[in-house]
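Subject: Structure handover, aromatic contacts

Hello,

Here is the structure for your files. My notes on its aromatic rings follow below.

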Amino acid sequence: MVHSHPTSTTTTTNSGAAWLSNKYAKCIDGAIEAASQELRSLSLKIHDNPELGLKEFKAHAWLTEYLVSKGFSIGKSAAPELETAFIAQFGDPASKLVIGLCSEYDALPLSKPGSTEQTTSHACAHNLIAISGVAAALGLQAVIRQFNLPAQIKLFGTPSEEQDYGKVTMLNAGDFDGVDVCMMLHGANADVIYTPFLALEKATVEFFGKASHASTTPWEGINALDAAMQVYSGIALMRQQMKPDQRVHGIIEVGGQASNIIPQYTKSLYRVRAPKDAQVQELKKRVNAIFKAAARSTGCEVKFHWDGHLQDILTNEELVVRFEKWMNSQGLRYASKAQQQSKLSGSTDMGNITHAIPGIHPMFNIMNLEGIDAPSGGLHTVEFATAAATPVAHTATLRASKALAMTGVECILDPEFLKRVKQEFASRDD
């Protein structure tokens, strides 16, 4: 989640004329605006029919049917378990230059305010991420057609970003092989191009003790809940010696079977996050030591494993500066890089893509078009889900999609620019 700040960190200017003075940008603008109402309808259908990860069958059908109607061919992921993934292609198949874009469309479970009842909601605005990828693809397509440019577009429909990290599965299956750059957008409550997403890894820890009657013979038991609580407390105490941009958080998923029985089994889930993967690995060592210490002190057996490895976003400076240029030309000015990076966010499977292919992951404010950070209504809230269906959010999505499409066009038009993009990526320090 992007941390909200009530102060303005971006500004807008009336410079739409600068945007439309470029013939390629004008072509993109016309194509995306012509599709605006269709994209709005698509966004609202996805928003009003939220589907959890790996079950996005309606969204998959609506998106692929629309893309086919616009001249894209649709392929499947090489990962058979991802039924709701797709790869939409357009352009000269003989061209070795491939511009990659990503769409997401999974929803997430969300508790209603003041209630234990859960609902499924687009509280991360994936309905807007879905159409942002489509809009950028339509803009690129229009330029490739009108100016007969030798390039391909691949729009990746990436399911279950929230839970199953679909992009990582698709990356490991080879779906992104041959892609020169890969870009996507994300709605937020602020405009940020240097997105401070955190690296992440998940732990599942189980303790095995011995059950006994909690009143008559508690001394005969080995309390697995004591071990789970020691882990919870140990991590809480460790936070004092953690850096401000590092996170460890979790829940006890299984805490016992009955209040009059010494718990013989518990299961807890934890997530470790930090700005860089190397920092995550160091935190893991400390958390592992807490797991083992809890087992020793209570006499329990412990089993734990780590999975769900997400990398931080590796923002390609060459690409993001061009994206910023095209957002500037539409009237938006960003805060300094340092200010943007001070707004810690969550984690995303797009991070793994940016460590495999040059990429960017700009975030755009869906609350207003004036560049003012929203003081409330951050991601994964009821307020944000409501905002994701507003006309302002739609306008903001299309504005950012136009800039993303133009960034892709620059990769096609300027081989020296693309060379610098790849050189920067090759010299990265992971």
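Buried means under 20% relative accessible area, exposed over 50%, and partly exposed in between (1.4 Å probe, protein chains only). This is a predicted model, in which local features need pLDDT of at least 70 and side-chain atom pairs count only at pLDDT 80 or more, while totals for chains, interfaces and linings use all residues. Residues are numbered from 1 along each chain as its sequence is written, and side-chain values use heavy atoms, with hydrogens and water left out.

Rings of Phe, Tyr and Trp (its six-membered ring) pair if their centres lie within 6.5 Å; planes under 30 degrees apart count as stacked, over 60 as edge-to-face and the rest as tilted. There are nine aromatic pairs in the structure. One of them is W19 with W326, edge-to-face at 5.8 Å centre to centre and 75° between the planes. W19 is in helix α1 (residues 16-20) and W326 in helix α9 (residues 317-328), 307 residues apart; helices (H or I, at least four residues) and strands (E, at least two) are DSSP runs, numbered from the N terminus. W19 is buried at 3% relative accessibility, and W326 is buried at 5%.

F208 and Y265 have ring centres 5.4 Å apart and planes at 50°, so this pair is tilted. F208 belongs to strand β10 (residues 199-208) and Y265 to strand β12 (residues 265-274), so the pair ties together parts 57 residues apart in sequence. F208 is partly exposed at 27% relative accessibility, as is Y265 at 22%.

Ring pairs also join Y270, F291, F304 and W306 into a cluster.

Regards
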